[in-house]
Protein chains: 2
Amino acid sequence: MEKNIFALKGDICYSKNLKELQTMEQGLLVCKEGMVEGVFQELPIEYKDIEVKDYGKKLIIPGLVDLHMHAPQYTYRGLHMDLELLEWLNSYTFPAEAKYKDEEYARVTYGRFVDRMVKSATTRACIFATVHVEGTLILMDLLEKAGMHTMVGKLNMDRNAPDYLREVSWEQSAADTRRWIEEAKKRFENNVPMLTPRFTPSCSDEIMAELKKIQVEYGLPFQSHLSENSGEIEWVKELCPYAKYYGQAYSHFGLFGGDTPTVMAHCIYSCEEEIQDMKEQEVYIAHCPESNMNVVAGIAPVRKYLQEGLKVGLGSDVAGGATENLFTAMMHAIQVSKLRWRLVDDTLAPLTVPEVFYMATKGGGELFGKVGSFEEGYEFDAVILDDSHIPDQDGLTIEERLERFIYLNQEADVKAKYIAGTQVL
Amino acid sequence: MEKNIFALKGDICYSKNLKELQTMEQGLLVCKEGMVEGVFQELPIEYKDIEVKDYGKKLIIPGLVDLHMHAPQYTYRGLHMDLELLEWLNSYTFPAEAKYKDEEYARVTYGRFVDRMVKSATTRACIFATVHVEGTLILMDLLEKAGMHTMVGKLNMDRNAPDYLREVSWEQSAADTRRWIEEAKKRFENNVPMLTPRFTPSCSDEIMAELKKIQVEYGLPFQSHLSENSGEIEWVKELCPYAKYYGQAYSHFGLFGGDTPTVMAHCIYSCEEEIQDMKEQEVYIAHCPESNMNVVAGIAPVRKYLQEGLKVGLGSDVAGGATENLFTAMMHAIQVSKLRWRLVDDTLAPLTVPEVFYMATKGGGELFGKVGSFEEGYEFDAVILDDSHIPDQDGLTIEERLERFIYLNQEADVKAKYIAGTQVL
């Protein structure tokens, strides 16, 4: 199908806002030049001759947006889930990431990762790669060829990492970062560089200051980790005496939102000042509920963030999360919010299906522009889901079918996928 | 394949005990007359001519045991997960269960449930049906024909339920229970009646006393719910002034373990005396981790139960849990134990893969006799799992493959299933 003009027909569901889903049975979703024209019960007269792809009773939803994942960790997802964050990094993550120095290894394993990403319901993602320039370019190349639209980060790590992975100096880290950006900007249209210091403990003040210069020079988005674990938070306090709270270890260098589109992963233990800072600077929070459990981090107070009007999306956090499947992330987001309500703070109500769906589509999508909805003028990201293997669906509304799909979906249920108007699956 | 004598070949994994898995690559699991003869690297001379079914690199594990599930709730699994227990029962569960008065409806919907059970990795289960005698017999008939081995309960509910579902008197409830048992004993060999008062709030003292008589008369096992929710616990206190704690509402009638094989579902808020009572009376605890989250119940202190030497198995609790998949239950059991450790009590360490696997096999299996292991003399329950769709498996041990399978399995991965030596899938 061309990027030109066409319609998809099926049972359509998307978020109006945090509280409400918009649904239409046997609706027609019109795409023109890669953008959504609208959702119609009958095709308006001006579209009467366009091609209509009929998906029957399948669900049609906006593509999902993964605000946080680690591509090199895909090789060991679902393994070694018996350690806390800092031990886990040293025992498994760092050795695994070091392998991406080998370009052939990167090509093969990133190839498998990208293949799964294409087959998933995810259309947009913020991805951590490794410190390696060539490996990161290989990943971006594979994503570009597969039709994905992502932001990818070559990591910066110039301290507190094993010799085999640590960059030799902040100067080298900065030079590599520039080389990677120049190359990526030349070669890729839809997969763009995102500045990615791994997290404060891995990055000297010098490289942080330099990343700000690079950020201004190239106008790039920014991502990192924030307030995931109390050991990590204490460590940042020691490392950055100028920072009253963890977020200031970024804002001290002008790398905490504002003019820079910024994603901070986790934000489980953010203090009140950090929360207000994120609100004012419009920082996106990547809530990663499976990782909250698997690396024994705790549960982020997402209800509070939503009440305060912060920007929140969902992240799979592969491999802190075992799966790239964002429906699983929606399920876990609801489940951990219930436990938090029960066990930690009963003033913060559990999350609902419309809320987690919003976060996984329009909430995170906003980082990419007009993405994550079927309202007119949004980029045409759509996935087609076959829920016919789930029995006892008679008489269910589309919203009810969506709820069940969140709990009961299977990988093979994603039948087709369009990104910015182009069919990629 | 006949029940006689044969071997399965593949990558074998089963529990020795709570802490250790026993694994063998390309092992041979020998079945004789429905029982396990042993696991061998090479076939002993006396078996050299038996039929060997070679499953290649697939995993072979004992069949899984589901200690708690509600068959009539299968129709709405993954729906309406926005309420707490008591509201959820009134709004969704009771109306759904009332439909099973219609035998044709029961036949069709239980048919779908049994079909999924056969295709799952579960070989044994303790199942709640409804109050209806005919509907419960239909379920047992379908399970028997499908080759499953289960314990099934027609429910008793003679108080605190809506008119359309409540039994009209304890006398009628008892008479129906007797009629159901007589019929079931005549007709079914492998699917046996289990006495099942829904929970204390649904059952008068009179029917409880009568159930004890029936229990003695027929020598039947017993199941119910225990200490799931604080509202429920308070209600039981009001209803049963003779009970110092919830468990005594059963033990008061002699229905709390001892000579009676007994399963209590949930046990999230059991007090110290209740725990000691369960230990002494050898009550099985059905830990249902997904339900702990979905109906906002809390997290059962399973580590404590294991330390104290209580008997613990896993339950899917369909539809408090959305899926009958016990691998999902294993994942959730690990995950919620981590959150409990982090958020509630850091003296109770998270559960491990060998521990949750033990609970899902040998731990719950013991209720059924020698079930849930490949040690000699155990009933031959085995499932064959294809994990070949999970990439990056090179060099992994069987134990590591099992861990990943828990997080990344798909329904279609169950390729074959044997129960007591008979192939049912």
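Confidence first. Chain A of this predicted model has a mean pLDDT of 96, and 99% of its residues reach 70 or more. That score is the predictor's confidence in each residue, from 0 to 100. For the complex, the predictor gives an ipTM of 0.96 and a pTM of 0.97.

Ground rules, quickly. Residues are numbered from 1 along each chain as its sequence is written, and chains are lettered from A in the order in which they are written. In this predicted model, local features need pLDDT of at least 70, side-chain atom pairs count only at pLDDT 80 or more, and totals for chains, interfaces and linings use all residues, while side-chain values use heavy atoms, with hydrogens and water left out.

Now the interface. On chain B, 44 residues contact 44 residues of chain A, with contact meaning heavy atoms within 4.5 Å. The buried area is about 3,900 Å², and carbon and sulfur atoms give 56% of it. That is accessible area (1.4 Å probe) lost on putting the two parts together, summed over both. In chain B, the most area is lost by B:Lys338, B:Arg342 and B:Asp392, together 15% of what that side buries.

B:Asp392 comes back in a salt bridge with A:Arg112, closest N and O atoms 2.6 Å apart.

Which elements of chain B give two or more residues to the side touching chain A? Helices H2 (103–119), H9 (289–294), H11 (326–343) and H13 (398–408). These are DSSP runs of H or I, at least four residues, numbered from the N terminus. H11(B) gives the largest share, nine residues.

How values were computed:
Salt bridge = Lys/Arg side-chain N within 4 Å of Asp/Glu carboxyl O.
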